[in-house]
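Please open the structure in a viewer and keep the selection tool at hand.

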Amino acid sequence: MFQRFFNSAGIGGPLIVLWIILGIFAPRFFTLTNFGNLSVQFAIIGALAIGSTAVIICKEIDLSIGAIEGFCAVIAGICIVNFGIPWPVSILIAISSGALVGAVNGCLVSVVGIPSFVVTLGSLGIVSGISLLITGGRSVYGFPEAYQWIGQGDLFYIRSPILFTGLLLVFMHVVLKNTIFGLNIYAVGGNENSANLVGISSLWTKFFSFLISGASAGLAGVIISSRLNAANPTLGALDLLDAIAAIVIGGASLSGGIGTVIGTAGGVLLIVTIRNGLNLMGINPFWQQTAIGSVILIAAIFDRIRDKSR
Amino acid sequence: MKKSISYSKQNKILEIHNISKSFGNIDALTEASLSVCPGEILSIVGDNGAGKSTLIKIIAGVYQIDSGSIYLNGKTVELKSAAHALSLGISTVFQDLAMVETLDVATNMFLGNPLKKAYIFVDRKKMYEKTASILKDLGINLPSVYAPINVLSGGQRQAVAVARAILQEGQVILMDEPTAALGVRETNQVLEIINQLRDRGKSIILISHDLEVVFNISNKIQVLRLGKVQGIRNVSETNKEEIVGMITGAISADKII
């Protein structure tokens with residue numbers, strides 16, 4: 001009973017309670033404009049969190065996703081604005097750069113064997129440093145209209161960023177649930193020793209998980225730069241916390257082997273609702289940080305309770 | 001001093017000849033030999049540090065040998081990894097079972113060797129069906145093939161591990177302490193399954209500390225001591241005193257027979 005409540009499905013309850021409270025205390029919460037904002041926020045944090053869920057299931061962590069988001073936003077900006085490279089090609093370059101950083105993370109974790117916490121803390125520093133260096137610390141702006149559609153447009157009343165994050169969600173869901181690679185992710189995270197004994201390569205599994213995490217963070221960078229029509233090197237620094245929180249709230253276990261991207265999507269919805277609601281109620285942004293931090297801790301405590309009740 | 005042991009002239013599935021393995025300065029195995037025939041259970045006994053686990057891990061493909069040779073069906077083979085050994089027909093029930101506790105019974109049965117659809121997809125439905133049918137065949141009762149391993153008892157986990165070895169359809173099945181953590185009733189259940197395997201013509205190599213179990217089930221007993229083969233006996237021609245004597249070294253190692 002206790003156990004079932006804390007499982008990933010348990011996110012629906014808190015979410016409904018939260019929406020009812022916000023409906024009463026923040027009259028502007030249930031408006032079309034606000035749901036538009038909410039969905040764009042969902043798309044950005046969602047791309048980060050959904051892409052990084054596989055890494056958490058592998059019993060690793062990727063702390064560089066926020067930095068990669070800012071880095072890829074800057075790469076897209078410089079390619080389009082400074083070098084005049086066509087925007088579809090620039091997007092490809094930006095997302096590939098994210099994948100490349102992810103691949104380097106993956107190599108250092110799986111081949112060299114450094115704990116992922118240390119590796120990605122290092123790459124967080126390097127990548128955000130490079131973003132500042134190549135922009136001189138200034139924003140890049142002036143994107144073409146077509147590019148702005150990615151973050152600002154809509155299709156049949158659906159905000160366009162949701163389409164991209166939705167595609168990522170479906171893709172990752174199928175990968176984790178139905179493919180051999182997905183099965184290997186759960187096996188490696190659940191018991192790496194056993195996985196290696198039966199011939200599953202934990203090396204490649206982790207490598208590709210980090211690669212996907214980096215590429216998805218690149219997508220988040222593209223969406224946010226298009227949304228703001230500007231690429232600032234410090235974009236994404238705060239999103240890391242929200243994304244990791246969303247994954248844990250969504251039921252992925254930090255002890256590995258457990259988690260779903262559907263759960264993560266629920267976690268993202270909860271986190272962006274909290275942020276959005278606190279904004280609408282005019283609560284001091286400093287308190288918002290405190291609130292999100294508390295939510296992370298509460299989620300981590302639930303994670304422990306879940307582990308113990310197993 | 002070189003030791004060799006004469007074997008019966010039956011057709012051997014697996015034959016190991018004078019293999020040695022050291023880890024740094026420690027000689028875990030020195031010129032050890034072994035052979036096993038179809039429908040035969042060979043038990044390997046010895047004190048801690050005698051080299052039993054090293055020997056089994058070599059046959060399982062986990063460790064690679066420094067010298068000596070391994071023959072499978074008369075052909076010399078080099079076992080590169082556990083997955084490679086498995087592909088050659090050597091299945092292993094590891095001491096820690098090599099299960100992923102968070103995954104369900106059926107997924108664990110096919111761990112590392114899942115049934116595939118269109119090359120990259122998992123055929124879950126077939127895995128559940130096949131698992132259910134093989135467990136039924138063996139008379140293993142589990143709550144569900146969908147249950148994660150961590151809700152099963154020690155005996156049930158052991159049964160799943162043994163069933164996996166059967167599913168892999170290996171000719172040779174290695175078992176490292178298959179009854180170590182089990183109660184009396186569960187031990188009997190596992191021994192029953194092992195007997196069934198012998199009746200199907202499998203070759204089984206078993207490590208056990210429990211001489212009761214060893215005498216109950218084996219055809220032959222091979223004693224290791226300090227990384228060397230101390231001797232080999234047919235169960236019908238020996239007794240516990242002799243085996244204990246060989247394990248402790250009170251009875252000296254066999255010379256060329």
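Select B:Glu242 together with B:Arg233, B:Glu237 and B:Ile251: leaving aside residues up to four places away in sequence, these are the residues that B:Glu242 touches, where contact means heavy atoms within 4.5 Å. B:Glu242 is found in helix α8 of chain B, residues 240-248; helices (H or I, at least four residues) and strands (E, at least two) are DSSP runs, numbered from the N terminus.

The model is predicted: local features need pLDDT of at least 70, side-chain atom pairs count only at pLDDT 80 or more, and totals for chains, interfaces and linings use all residues. Residues are numbered from 1 along each chain as its sequence is written, chains are lettered from A and ligands numbered from 1 in the order in which they are written, and side-chain values use heavy atoms, without hydrogens and water.

Next, remain in chain B and select B:Leu97, in the loop between β6 (90-93) and α3 (105-109). Although B:Leu97 is not a glycine, it has a positive phi of about 75°.

Now display both chains and select the residues where they meet: 23 from chain B and 20 from chain A. Together the chains bury about 1,700 Å², 70% of it on carbon and sulfur atoms; buried area is the accessible area (1.4 Å probe) that two parts lose on being put together, summed over both. On the side of chain B that touches chain A, α2 (82-87) and β8 (121-122) of chain B each supply at least two residues. That side has 14 nonpolar, 4 polar and 5 charged residues, counting Ala, Val, Leu, Ile, Met, Phe, Trp, Tyr, Cys and Pro as nonpolar, Asp, Glu, Lys and Arg as charged, and the others, Gly among them, as polar. Between chain B and chain A, 6 residue pairs are in polar contact, both residues at pLDDT 80 or more.

How many salt bridges cross the interface of chain B and chain A? The rule finds 0 there, a salt bridge being a side-chain nitrogen of Lys or Arg within 4 Å of a carboxyl oxygen of Asp or Glu. Over all chains, the structure holds 7.

For one salt bridge, select A:Asp242 and A:Arg275, whose side chains meet at 2.6 Å, N to O. The pair links distant parts of the chain, 33 residues apart: A:Asp242 is in helix α12 (residues 239-249) and A:Arg275 in helix α13 (residues 261-280) of chain A.

Continue in chain A with helices α8 (residues 160-178) and α11 (residues 202-228), whose axes come within 10 Å and cross at roughly 170°. Axes are lines fitted to C-alpha atoms, for helices over the stretch in contact, and angles run from 0 to 180 degrees between N-to-C directions. α8(A) and α11(A) are therefore roughly antiparallel to each other, the term for angles over 145 degrees. Their contact includes A:Phe164 and A:Leu168 of α8(A) and A:Leu219 of α11(A).

Finally, select A:Lys59, in the loop between α3 (32-57) and α4 (65-82) of chain A. A:Lys59 has a positive phi of about 70°, although it is not a glycine.

Terms used: A polar contact is a pair of N or O atoms within 3.5 Å; within protein, one must be able to donate a hydrogen and the other to accept it, and residues adjacent in sequence count only if both atoms are side-chain atoms. Angles under 35 degrees count as roughly parallel, over 145 as roughly antiparallel, 65 to 115 as roughly perpendicular and the rest as oblique.
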